[in-house]
Amino acid sequence: MRVWEGAGVRESLWERGGLAWFRPRCRTDCGACSVQGTRPFSLTAARAVLGLGSWGGDSGKQKLTLQDVAELIRKKECRRVVVMAGAGISTPSGIPDFRSPGSGLYSNLEQYSIPYPEAIFELAYFFINPKPFFTLAKELYPGNYRPNYAHYFLRLLHDKGLLLRVYTQNIDGLERVAGIPPDRLVEAHGTFATATCTVCRRKFPGEDFRGDVMADKVPHCRVCTGIVKPDIVFFGEELPQRFFLHLTDFPMADLLFVIGTSLEVEPFASLAGAVRNSVPRVLINRDLVGPFAWQQRYNDIAQLEDVVTGVKKLVELLDWNEEMQTLIQKEKEKLDAKDK
């Protein structure tokens with residue numbers, strides 16, 4: 001499973017500071033796409049051809065509301081919740097939007113002295129000059145930012161035994177910082193939590209090289225002296241093996257949350273169509289995206305506003321306000337103590 005890049009002219013790599021890969025042209029030139037620039041055959045399209053997708057037939061069924069979803073959770077009728085999280089879940093934590101003109105990281109990549117923006121995440125350029133990537137990594141490295149209300153909502157789902165899995169496009173590690181166990185996470189585009197020597201392929205904990213990154217040094221393997229690269233998925237690299245958990249997770253899910261993503265990044269985006277037709281799908285996002293825009297089901301709910309506001313509305317409907325505040329305060333105290 002490979003990461004796909006924007007068609008036609010080069011476009012920004014990642015959506016936002018939480019950093020989700022962009023869309024559909026294969027960087028590997030492997031021949032899987034017969035026409036460059038066309039969208040790859042998605043999981044959603046495959047399901048439709050096989051008769052598994054939803055292409056209508058929902059007329060006459062009553063549309064669900066956010067209140068209905070809250071009731072399903074309260075009555076324990078939804079116990080296997082899957083979450084798809086994109087860059088928008090991390091922007092409230094202060095991680096810059098990657099594409100916003102002027103303020104986004106993408107607009108300021110000239111400081112890295114690279115020939116074109118995508119070079120900072122291309123293996124060929126990394127081997128020639130890894131310094132720009134590690135300069136950006138210093139900004140994004142876990143520990144520089146803290147989880148926000150939306151991350152702690154996912155943590156509360158876990159604490160209540162409702163969370164089957166979080167699939168995140170982000171590399172910021174804020175789900176981990178919020179206390180979601182790694183076995184409940186699929187970091188689809190990689191993580192700073194681990195690193196690999198580009199020569200001898202030895203694995204290391206990412207924290208082993210934090211000091212080097214913060215000191216503006218390129219980390220090297222202690223065994224063979226090769227460059228050590230955080231396990232972030234670059235263009236053309238295979239997605240982590242854990243991504244394939246979707247083959248069992250999504251058919252098992254009885255509720256899907258899609259939070260803070262444009263659903264333009266393949267193959268991640270097609271996962272939104274991989275749950276059973278009877279499963280409610282809740283979009284909490286600024287814009288109507290993906291199948292919520294062009295393949296709506298009767299049990300789709302779109303809460304169109306900023307992520308934190310949308311999540312707070314659901315928490316209120318669930319009557320979880322007090323538990324959320326207690327959790328956030330407890331975790332804030334832990335992080336404050338760690339930072340001292």
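Is Thr225 buried or exposed? Thr225 is exposed, with a relative accessible area of 57%. That value comes from a predicted model, and the rest of this short tour uses the model too.

Although Thr225 is not a glycine, its phi is positive, at about 70°. Its setting is the loop between helix 7 and strand 8. Asp216 is another non-glycine residue with a positive phi, in this case about 60°. To find Asp216, look in the loop that runs between helix 7 (210-214) and strand 8 (228-232). Asp216 counts as partly exposed, because its relative accessibility of 41% falls between the 20% limit for buried and the 50% limit for exposed.

**Positions marked in UniProt**

The UniProt record, an unreviewed entry, gives the feature "binding site" to Cys197, Cys200, Cys221 and Cys224. These positions span 28 residues in sequence, yet no two of their C-alpha atoms are more than 8.5 Å apart, so they gather at one spot. One of them, Cys197, belongs to strand 6. Cys197 is buried, and its relative accessible area is 0%.

The unreviewed UniProt entry also places an "active site" feature at His189. You will find His189 in the loop linking strand 5 (185-187) with strand 6 (190-197). With a relative accessible area of 1%, His189 is buried.

**A charged patch on the surface**

Now turn to the outside of the model. Here a patch of positive charge is formed by Lys76, Arg79, Arg80 and Arg276. Arg79, a member of this patch, sits in the loop between helix 2 (66-74) and strand 3 (81-85). Arg79 is exposed, with 51% relative accessible area.

**A cis peptide bond**

One more backbone feature deserves a look: the peptide bond joining Glu266 and Pro267 is cis, with an omega of about 5°. Pro267 is part of the loop between strand 9 (255-259) and strand 10 (281-285).

**Accessibility side by side**

The residues whose accessibility came up along the way are gathered here.

| Residue | Relative accessible area | State |
|---|---|---|
| Thr225 | 57% | exposed |
| Arg79 | 51% | exposed |
| Asp216 | 41% | partly exposed |
| His189 | 1% | buried |
| Cys197 | 0% | buried |

Key
Residues numbered from 1 in each chain as written. Predicted model: local features only at pLDDT ≥ 70, side-chain atom pairs only at ≥ 80, totals over all residues. Heavy atoms only, no water. Patch = residues over 30% accessible without salt bridge, like charges linked within 9 Å, V, L, I, M, F, W, Y side chains within 5 Å. Areas by Shrake-Rupley, 256 points an atom, 1.4 Å probe, with all protein chains shown as cover. Salt bridge = Lys/Arg side-chain N within 4 Å of Asp/Glu carboxyl O. Lys, Arg positive; Asp, Glu negative; His and termini not counted. Charge placed at Lys NZ, Arg CZ, Asp CG, Glu CD. Helix = DSSP H or I, 4+ residues; strand = E, 2+ residues; numbered from the N terminus. Buried < 20%, exposed > 50% of the residue type's maximum accessible area, 1.4 Å probe, protein only. UniProt positions renumbered as here; feature names shortened; annotations may be inferred.
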